[in-house]
Amino acid sequence: MTKFRVNLNLLLLFIFLGSLLFSCGQSYNSDLSQRADDGSKHRHMNNTKVMEMNKVPSPTSKKGKTEMVEEIASEPEPASKIEDEAPPITADKTIEVKDNPFYAVKQQPFSTFSIDVDNASYTYAKSQIQNYDQLPDPNSIRTEEFINYFSYDYPNPTGEDPFSFNLELGKCPWNEEHQLLHIGLQGKKLDTKNLKASNLVFLLDVSGSMNNPNKLPLLKKSLAVLLDELSAQDRVAIVVYAGASGLVLPSTPATQKSTILNAFNNLKAGGSTNGGAGIELAYKIAKENFITDGNNRVILATDGDFNVGVFGDPLVELIKEKRKENIFLTICGFGMGNYGADQMEKLSNSGNGNYFYVDSEREAQKVFSKEMRANMFTIAKDVKMQLQFNPMLVKGYRLIGYKNRILNNEDFDNDKKDAGELGAGHTVTALYEIIPKSSKSKQELTASTDKSKTSEVLQLMGNELLGIKFRYKKPKEDKSKLIVHRYVPNTVQDQVNGQSENFRFSAAVALFGMELSQSEYKGNGDLDMVRELADNAKSNDENGYRQEFIQLISDTKIVTKLNLEN
């Protein structure tokens, strides 16, 4: 009997414990469900709350007071909570970019491309090497953007055209059987005494992916730098976007700096990235405050992580439509982890603009103080070049970089075909590696797939290495102007040191880009050759950028060695 009572007590104990565990499990599942519901509600609310700013006085715009597009809530999202919800770092986005091959002049004497004044790829690579101790993805290297990060000492234009052009031929440093053709454009410099008024709309990404010190906080400092450069006749509006878009500051005179800075400093990051909605609103505000004969521009600052709403090719098409309203677009990329250079370039090209990458306060000074004013004033748009090589003197050629700026030959005369813009004071540099007719080079030549024709074939004389044609439009015109030049080179120097500093330094930067992109065409070039070329071409270095490049070469050697050891 005693044994029976013991067994019965044990049975009752097991039943009690089982009931208790079941009850706890139900409570736990209920709690998880509630947390999931709360999280869903919070994520929904976060896209709205990211628009919440401390109230900013709303000055009257030139067209009258503009209403807020989104309903602004009363309490901003606490910064600490947003930081907890910042998305994880993901891989920067790149697409495969192959080098331009060497083309046979007999089969294809023409080479046609659009100019490019973007330089973001260089800054991005520099940041990867110096801030993160890693070599950049070879597919992120755009050699033309490396070359055009630097200014060159070209003569100012003196005629009616807004730019001068300069050509120089020399021995190719990394292949003694080849030659290097240096082409440089110098845009007419900005007349600071007679600047046109600017109507600027800052379109700022405040999504969760911007919540890093090198993104939104650096963006705020950058915009404060630009604000110091504006004049009393300029106006500023601020549009932000995350999951939703909203007008933070109606168009305001640039003299009201405290109001504008207050709006900047109240920005908080959180939510997903709906770039399309923000762009629509930014162009709407720019159009409402349009200044006739002025500089009307949207300045988009983002890490490029468009992940909801309109993005990709539809967003590019949207920008193409908006540029018809004579409102230009500048894009500034910030941060690592979500940066999409390809998307940024497509958007800026479609919007008659350019794009930059900002990784530090020093770079912010370069972009927003030294260069932005010039970038904001376009002096020539849809600028194209077409070279026609003389088969009597040239066997083959290769354009270094500009891979995604190549045009069909027939596009040169087509005024509907979009091309690059040139800002006041800008320099644009392009390099061709040439195989002379007399060369013993064993380089394989490729047959061009472009079978289209150009409207005018130049009859080149025996001593003319090439003919070069330019087309450009004035900023508010739709018909292009043609410039034609025939080039007869001087005697090519036996040593590269006999060439100009422009030639030597651009060659150094081009070789550096080829080294990082692991180009098959770098010949016997290496980082030591890059250093030697650059060391002998740095006297024209007012802001110290060439010396920084030399330091970058040393840093690259160290990082390369570390990568090999690991």
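The side chains of Arg 486 and Glu 464 meet in a salt bridge, with N and O 3.1 Å apart. A salt bridge here is a side-chain nitrogen of Lys or Arg within 4 Å of a carboxyl oxygen of Asp or Glu. The pair links distant parts of the chain. Arg 486 belongs to strand S16, Glu 464 to the loop between S14 and S15, and 22 residues separate them. Strands (E, at least two residues) and helices (H or I, at least four) are DSSP runs, numbered from the N terminus. Arg 486 is partly exposed, at a relative accessible area of 35%. Glu 464 counts as buried, at 10%. Buried means under 20% relative accessible area, exposed over 50%, and partly exposed in between (1.4 Å probe, protein chains only).

The model is predicted: local features need pLDDT of at least 70, side-chain atom pairs count only at pLDDT 80 or more, and totals for chains, interfaces and linings use all residues. Residues are numbered from 1 along each chain as its sequence is written, and side-chain values use heavy atoms, leaving out hydrogens and water.

The structure holds 25 salt bridges. Among them, Lys 381 pairs with Asp 478, the closest N and O atoms being 4.0 Å apart. These two residues lie 97 residues apart, Lys 381 in strand S11 (residues 378–389) and Asp 478 in the loop between strand S15 (466–473) and strand S16 (481–487). Lys 381 is buried, at 7% relative accessibility. Asp 478, by contrast, is exposed, at 62%.

Strands S11 and S15 supply another pair: Lys 473 in S15 and Asp 382 in S11, 91 residues apart. Lys 473 is buried, with a relative accessible area of 5%. Asp 382 is also buried, at 8%.

Attention turns to the sheet. Five strands form an open sheet in the order S1-S12-S14-S4-S3, with antiparallel pairing. Strands S1 (103–104) and S3 (163–171) stand at the edges, each with a single partner strand, so one side of each is left without a neighbour in the sheet. Two strands count as paired if DSSP finds at least two bridges between them. Strand S4 (residues 179–187) is joined to strand S14 (residues 427–436) by 8 bridges. Within S14, Ala 430 stands opposite Ile 183.

Helix H11 (residues 501–516) lies across S3, S4, S12 (394–399) and S14. The helix runs at about 110° to S4. Axes are lines fitted to C-alpha atoms, for helices over the stretch in contact, and angles run from 0 to 180 degrees between N-to-C directions. Contact means heavy atoms within 4.5 Å.
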